[in-house]
Amino acid sequence: ILEGVPTILPSLAQAQALQHRAARVGFDWPEITPVLAKVFEELEELKSAPGKPQQAEELGDLLFALVNLVRWYEVDAESALRQANHKFRNRFAYIEKRARETGREMTGMSLEEMDVLWEEAKDRESKVS
């Protein structure tokens, strides 16, 4: 059942395809509540992971569980992440622009100062959409 999923696919697309195929034969929860619970379970396991190798493993499990949640919402994981990347780029570019306009170097700004600009960028987005 899973053999036909190309290993050359990006990891998010591969995870989504694996989960979709498993779900087609009934290896899936009947509703979303346990899917959400699995995400929180994996997050807790990450918090208690004792070292880098265990953290890396738990992060992979968490990502896999999140992809399952994305699948449950019938969203393409690659597209959702691409959109989030685009949004991040735009907001960060706004911070850079505002820093230049005020003659500031970003490396000299505090996280709090940058966060204020980040929130401004978010506010601008909501007014445009």
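A crossing of two helices is called right-handed if the near helix is turned clockwise from the far one by less than a right angle. The legends below refer to a predicted model.

**Figure 1. Confidence of the predicted chain.** The mean pLDDT of the chain is 95, and 99% of the residues score at least 70. Among the elements of the chain, helix H2 (residues 33-47) has the highest mean pLDDT, 98. The lowest mean, 93, belongs to H5.

**Figure 2. Crossing of helices H4 and H5.** Helix H4 (residues 77-101) and helix H5 (residues 111-128) have axes that come within 9 Å and cross at roughly 120 degrees. Angles of 65 to 115 degrees count as roughly perpendicular and those over 145 as roughly antiparallel; H4 and H5 are therefore oblique to each other. The crossing in which H4 passes H5 is right-handed.

**Figure 3. Residues in the contact of H4 with H5.** On the H4 side, the contact is made by Lys87, Phe88, Arg91, Phe92, Tyr94, Ile95 and Arg98. These meet Met114, Leu117, Trp118, Glu120, Ala121, Lys122, Arg124 and Glu125 of H5. Sorted by class, the contact of H4 with H5 holds 8 nonpolar and 7 charged residues, and no polar ones.

Figure 4. In the pair shown here, the ring centres of Phe88 and Phe92 are 5.9 Å apart. Their planes lie at 15 degrees, so the pair is stacked, given that planes under 30 degrees apart count as such. Phe88 and Phe92 are 4 residues apart in helix H4, and therefore about one helical turn separates them. Both Phe88 and Phe92 also take part in the contact with H5.

**Figure 5. Packing of helix H1 against H4.** The axes of helix H1 (residues 11-24) and H4 cross at roughly 145 degrees and come within 8 Å. H1 contributes Leu12, Ala13 and Gln16, while H4 contributes Ala77, Glu78 and Leu81. By class, the contact of H1 with H4 has 4 nonpolar residues, 1 polar and 1 charged.

**Figure 6. Packing of helix H1 against H3.** H1 and helix H3 (residues 52-72) have axes 9 Å apart, at an angle of about 65 degrees. H1 passes H3 in a crossing that is right-handed. From H1, the residues Leu12, Ala15, Gln16, Gln19, His20 and Ala23 meet Phe64, Val67, Asn68, Val70 and Arg71 of H3. The contact of H1 with H3 divides into 6 nonpolar, 4 polar and 1 charged residues.

Notes: Residues are numbered from 1 along each chain as its sequence is written. This is a predicted model: local features need pLDDT of at least 70, side-chain atom pairs count only at pLDDT 80 or more; totals for chains, interfaces and linings use all residues. Side-chain values use heavy atoms; hydrogens and water are left out. Axes are lines fitted to C-alpha atoms, for helices over the stretch in contact, and angles run from 0 to 180 degrees between N-to-C directions. Helices (H or I, at least four residues) and strands (E, at least two) are DSSP runs, numbered from the N terminus. Angles under 35 degrees count as roughly parallel, over 145 as roughly antiparallel, 65 to 115 as roughly perpendicular and the rest as oblique. Contact means heavy atoms within 4.5 Å. Ala, Val, Leu, Ile, Met, Phe, Trp, Tyr, Cys and Pro count as nonpolar, Asp, Glu, Lys and Arg as charged, and the others, Gly among them, as polar. pLDDT is the predictor's confidence in each residue, from 0 to 100. Rings of Phe, Tyr and Trp (its six-membered ring) pair if their centres lie within 6.5 Å; planes under 30 degrees apart count as stacked, over 60 as edge-to-face and the rest as tilted.
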